[in-house]
Amino acid sequence: MSNLKTRDITQLALIAALYVAITIAPGISAFSYGQIQFRVSEILMLLPFFNHKFSWSLIVGCFISNLFSAQLGMYDIVLGTLATAVACLIITRIPSRNSLLWTVPVVCAVVNGIIVGAELHFVLKLPFWLNLVTVGFGEFVVVAIGAVVFYFLMENKNFSKLIR
């Protein structure tokens with residue numbers, strides 16, 4: 001990250017702030033934490049598919065968002081952020097071709113289902129397999145909707161230049 005320009009730093013900070021704002025927004029935040037999650041900000045998990053630098057924004061944004069996790073506290077700060085970091089790492093290994101965009105929701109669902117599912121199991125004593133399914137399903141739905149939106153946005157050359 002040593003060659004970052006002011007524009008890049010600003011862009012990364014804005015994406016991190018957007019992630020936090022969407023996660024903790026009143027009304028939406030009710031679905032951002034817990035066993036049944038539809039964390040709308042996870043739609044941004046598609047960005048590292050197009051440009052790896054956005055991984056940093058999402059990891060930092062997730063970390064800050066998880067500071068607001070009243071029920072899981074430090075566990076969510078560490079394990080939730082770890083889930084985002086692992087998902088970002090895997091996503092950045094997927095070749096950036098529009099035909100492979102569909103793999104991002106699957107990666108996010110599996111990684112979050114396993115890590116956050118285990119976190120809920122060990123901390124709140126909720127059934128692991130049920131957590132894996134509920135967290136994974138919510139993650140898949142949000143990111144899949146995002147994938148459809150991003151797919152059509154990528155047809156716009158101006159949008160394409162913005163995130164590359």
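Predicted model: local features only at pLDDT ≥ 70, side-chain atom pairs only at ≥ 80, totals over all residues.
Residues are numbered from 1 along each chain as its sequence is written, and side-chain values use heavy atoms, with hydrogens and water left out.

Figure 1. Seven helices and zero strands make up the element list, which reads α-α-α-α-α-α-α from the N terminus (DSSP runs numbered from the N terminus: helices are H or I, at least four residues; strands are E, at least two). The radius of gyration is 15 Å, close to the 15 Å that the globule rule gives for 164 residues, so the protein is as compact as a globular protein of that length (taken over C-alpha atoms; the rule is 2.2 Å times the number of residues to the power 0.38). Along the principal axes, the C-alpha trace spans about 45 × 30 × 30 Å. Buried residues account for 49% of the 164 (buried is under 20% relative accessible area, exposed over 50%, partly exposed in between; 1.4 Å probe, protein chains only).

**Figure 2. Helix α6, end to end.** This helix covers residues 128–153, and its 26 residues should span 38 Å at 1.5 Å a residue; the end C-alpha atoms sit 37 Å apart, which agrees (expected span: 1.5 Å times one less than the number of residues). Its buried residues include Asn131, Thr134, Gly138, Glu139, Val142 and Phe150.

**Figure 3. Thr84 and its neighbours.** Look for Thr84 in helix α4, residues 73–91. At 1% relative accessibility, Thr84 counts as buried. Leaving out residues up to four places away in sequence, Thr84 touches Glu42, Met45, Leu58, Ile59 and Cys62 (contact: heavy atoms within 4.5 Å).

**Figure 4. Lys125, out in a loop.** Lys125 belongs to the loop between α5 (103–124) and α6. Most residues other than glycine have a negative phi. Lys125 is not a glycine, yet its phi is positive, at about 60°. With a relative accessible area of 66%, Lys125 is exposed.
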